[in-house]
Amino acid sequence: MSILVIADHENGSLKAATLNVVSAAKAMGGDVELLVVGENCGAAAEAAAKVEGVSKVLVADNAAYGHQLAENLSLLVADLGKGYSHIVASAGTTGKDFLPRVAALLDVAQISDIVSVESADTFKRPIYAGNAIATVQSSDSVKVITVRTTAFDPVSAEGGSASVENVDGAQDAGISAFVSAEIAKSDRPDLTSAEIVVSGGRGMQNGENFKMLEAVADKLGAAVGASRAAVDAGFVPNDMQVGQTGKIVAPNLYIAVGISGAIQHLAGMSGSKVIVAINKDEEAPIFQVADYGLVADLFDAVPELDKAL
Amino acid sequence: MKVLVAVKRVIDYNVKVRVKPDNTGVDLTNVKMAMNPFCEIAVEEAVRLKEKGVVSEIVVVSIGPKVAQEQVRTSLALGADRGILIETDEDVQALDVAKLLKAVVEKEQPNLVILGKQSIDSDNNQTGQMLAALTGMAQGTFASEVAVDGDKVNVTREIDGGLVTVALNLPAVVTTDLRLNEPRYASLPNIMKAKKKPLEMTSPADLGVELKPRLTTLKVEEPATRQAGIKVADVAELVDKLKNEAKVI
């Protein structure tokens, strides 16, 4: 039994999410092989070969895969994946985009966003915005799975010595093309892997006021997140959204500022170890999940917090 | 050009769901049902494309029990031209939904298919991608902007790091993100008019699709509940607790 894991990488380096996905794959039992697919991804492949518990690294380096277009990736992965018992990727936007396409090409179901591996064919996954956990069993010969990375501890990035093999040729469906990208730049840690996250909601009132949260975040080495209300109101870009339809985070410390705690927001952060809520409405649902709650006007509390740190 | 929009009947997004005591699923009896929010955005986008003169006909399709007609009628009231309900009482899994939609695509030959990016009940985020794969179409998932340009459609997609724009050959599949648009409300006259619009009833068997569920749900349980913690009096106490009790900063 071998498991094909599709590595997450960017600008020549392997992303931390890959280590969590390898960890989930190991729990399924079997040889774990990593596929690094992209353009100029040699350095990421070298890093992949060092990942603990990986037996082989496959590298598909071609311009056709340069922008991770689902139409092209899915042809390659469906082709390579036929001989594996499991095909696994992280439940980031890339995995969510191409993996269901792979599953359909192989005529199998996909199991999305698993949070636990019960056995080689049985998995747990959240449904209804995380308000219920379903245990599902797959009867397919190839299990196609995306993994919620925050639910699995990462394996070590060092210590492995996998062989590296090139995949020749490129699959180009020729029906889609990259036009442009607008990537948010930030010196702060990545939201999904940060140890501490400071998030703001509608209570922030405008984008300018997020600077207060950024000051606190910088002192704590934290990432800055937001609720849907803050994103919809245009305070901050959508890639900062935490929730059912945004990013799922599970940091050691989550500080929710001016966030009421709607079902859809809680879906994205209720796995955090310690939750702090700062809100002037003491009836806000966020206080029902917060370990530490402070009923106060955020415009007083946040500058005070900044000073106290 | 013709647009096909797929809509799903789901539990209303404001409802706090309850897991059945026997752990077989979520209790849906006497619970408020509605159109999946992402599907509403899909209908709205199709209607806007029609208002711009890009689209000439909007066909809405849903799969589900007879009562799912309500969601098809809602779509018609919002501006769709005609509806199709593939009636079944089975719980249809994403791959089979994609196969049913493929059969509709073959019959209707739309130039564009718009779906929501995920349904808020199963949270799968699969159907659009699977339909695109089965029909060999290009896909623009998690769209926050859609611009038809001749025989191509430019789709701006929400990705983890920001936004990316792709150009897709038509026909193509687009799945909507929340930022794509703000759906309108149906007016009473439009709701009345929608009752006269055609709604075709069909079934998986009529479409020649055999449902083959691959996943068995063994159990549905409540997630581990978090207990409410304590209220602190001021910022100083909060910082002290975080440093000395929780030890997270």
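This is a predicted model: local features need pLDDT of at least 70, side-chain atom pairs count only at pLDDT 80 or more; totals for chains, interfaces and linings use all residues.
Conventions. I number residues from 1 along each chain as its sequence is written, and letter chains from A and number ligands from 1 in the order in which they are written. Local features need pLDDT of at least 70, side-chain atom pairs count only at pLDDT 80 or more, totals for chains, interfaces and linings use all residues, and side-chain values use heavy atoms, with hydrogens and water left out.

B:Phe142. I found B:Phe142 in strand E7 (residues 138-149) of chain B; strands (E, at least two residues) are DSSP runs, numbered from the N terminus. Its phi is near 55°, a positive value in a residue other than glycine. B:Phe142 is buried, with a relative accessible area of 1% (buried means under 20%, with a 1.4 Å probe and protein chains only).

Charges over rings. I looked for NZ of Lys or CZ of Arg within 6 Å of a ring centre and within 35 degrees of the ring normal. B:Lys117 lies over the face of B:Phe142, 5.8 Å from the ring centre.

B:Thr175. I placed B:Thr175 in strand E10 (residues 172-176) of chain B. B:Thr175 is buried at 1% relative accessible area. A polar atom of its side chain lies 3.0 Å from the backbone nitrogen of B:Phe142. Beyond four places in sequence, its contacts (heavy atoms within 4.5 Å) include B:Lys117, B:Gln129 and B:Phe142.

B:Pro171. I noted a cis peptide bond between B:Leu170 and B:Pro171, with omega about -5°. B:Pro171 is in the loop between strands E9 (162-169) and E10.

Terms used: Helices (H or I, at least four residues) and strands (E, at least two) are DSSP runs, numbered from the N terminus. Buried means under 20% relative accessible area, exposed over 50%, partly exposed in between (1.4 Å probe, protein chains only). A polar contact is a pair of N or O atoms within 3.5 Å; within protein, one must be able to donate a hydrogen and the other to accept it, and residues adjacent in sequence count only if both atoms are side-chain atoms.
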